[in-house]
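I opened my notebook to look up how side chains pair up in this one. Here is what I jotted down, starting with charges and ending with rings.

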Amino acid sequence: MPDAGDGTWAKIRLDPASLAALPRVLPTIADSTTRAVIWNSIRDAVADAELDPRQALDLFRAALPAEDSDIAVGSLIGWLENRVLGGYLEYEAARGRVADALSNKLATTEPGSSLQLITARGVVATTDDARLLQSWLEGSAGPDGLAIDQDLRWSITLRLVRLGAFGAAEIDAELGRDKSTEGVNHAARCRAALPDGKEAAWTRIMTDPSMGVQELLAAADGFWHPMQSGVTAPYVDRYFTDIPRTGEIRAGMVVSLTVRRIAPRYAIDPALIAPAEALIGNADVVSGIRRQTADFLDDLRRTLAVRQAFSGR
């Protein structure tokens, strides 16, 4: 494996024979750094539209059972959530395969381990089994040794909101259990995920200068999700008209962090290129907004290229 020790900035690409062998070979590689180099190569090749994301997903399913690094599993879950599911691949076409792989992994992880916790979080983020998640909250079921702490309870609550199993009443009840500042932030994230909470969340994000930074970012985090593309569709165009005004009520890193989270990252549509370019080129808009919109546009173009390259295969 070139650069097996991750000692340089080289972009590694594997030949077809090596790629074909990876589902068999990768689980046998003992060195975690070498495995990380391979995964970085896979993710980079997918981002450059050089490797079918479905092939990368097959590799994830093949390698996951043997992966013993919680850092690796967490990183891969984050990549799948943020880039693959609803981005490179249609959400429902791929989500179930990820959820099944993580559920099988969870059944074999050591109780109470950090690997169990990170795998459980992946299950929460991808499963469509609302009854399972509710049983975890109620304490009537759940993996042996897994501590359902307050942070994990909020993650489960958020997923149940997105699945349509929880509403405002359940969010309020969870906030009643956790009245900390973190609880307020988690509740804002969950309320932004409610279909009938979108307008209120959008208005606060775009117009309320008194909103605390962490609550603001949490609400932006909760707003978009590929499961809710129909509900959020009216807000895609509104991003380009409404986000410039946030530069008048916020400043510094807060502006950039807000834009990064509230840009419509799951709207994979070439029609968004023109308004994004117009916003980036508008010198009257603060630089942080234009810079983060440029990052959004780069991600959009890459995702469109991946879909165009592999949609027919």
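I looked up Asp-172 and found it partly exposed, with a relative accessible area of 41%. My cut-offs: buried is under 20% relative accessible area, exposed is over 50%, and partly exposed is in between (1.4 Å probe, protein chains only). This is a predicted model, so I kept in mind that local features need pLDDT of at least 70, side-chain atom pairs count only at pLDDT 80 or more, and totals for chains, interfaces and linings use all residues. Residues are numbered from 1 along each chain as its sequence is written, and side-chain values use heavy atoms, with hydrogens and water left out.

Next I checked the partner. The side chains of Asp-172 and Arg-191 meet in a salt bridge at 2.8 Å, N to O. I call it a salt bridge when a side-chain nitrogen of Lys or Arg is within 4 Å of a carboxyl oxygen of Asp or Glu. Arg-191 is in helix α10 (residues 181–193) and Asp-172 in helix α9 (residues 168–177), so this pair ties together parts 19 residues apart in sequence. Helices here are DSSP runs (H or I, at least four residues; strands are E, at least two), numbered from the N terminus. Arg-191 is partly exposed too, at 35%.

How many salt bridges are there by this rule? I got 27. One of them joins Asp-48 and Arg-302 at 2.7 Å, N to O. Asp-48 is in the loop between α2 (32–47) and α3 (53–63), Arg-302 is in helix α16, and so the pair ties together parts 254 residues apart in sequence. I noted Asp-48 as partly exposed at 24% relative accessibility. Arg-302 is partly exposed at 33%.

Then I turned to rings. I found eight aromatic pairs. Rings of Phe, Tyr and Trp (its six-membered ring) pair if their centres lie within 6.5 Å; planes under 30 degrees apart are stacked, over 60 edge-to-face, the rest tilted.

Is the pair of Trp-202 and Trp-224 edge-to-face or stacked? I have it as edge-to-face, 6.2 Å centre to centre, with 90 degrees between the planes. Trp-202 lies in helix α11 (residues 198–207) and Trp-224 in the loop between α12 (213–223) and α13 (229–242), so the pair ties together parts 22 residues apart in sequence. Both Trp-202 and Trp-224 are buried. I also wrote down that Trp-202, Phe-223, Trp-224 and Tyr-235 form one aromatic cluster.
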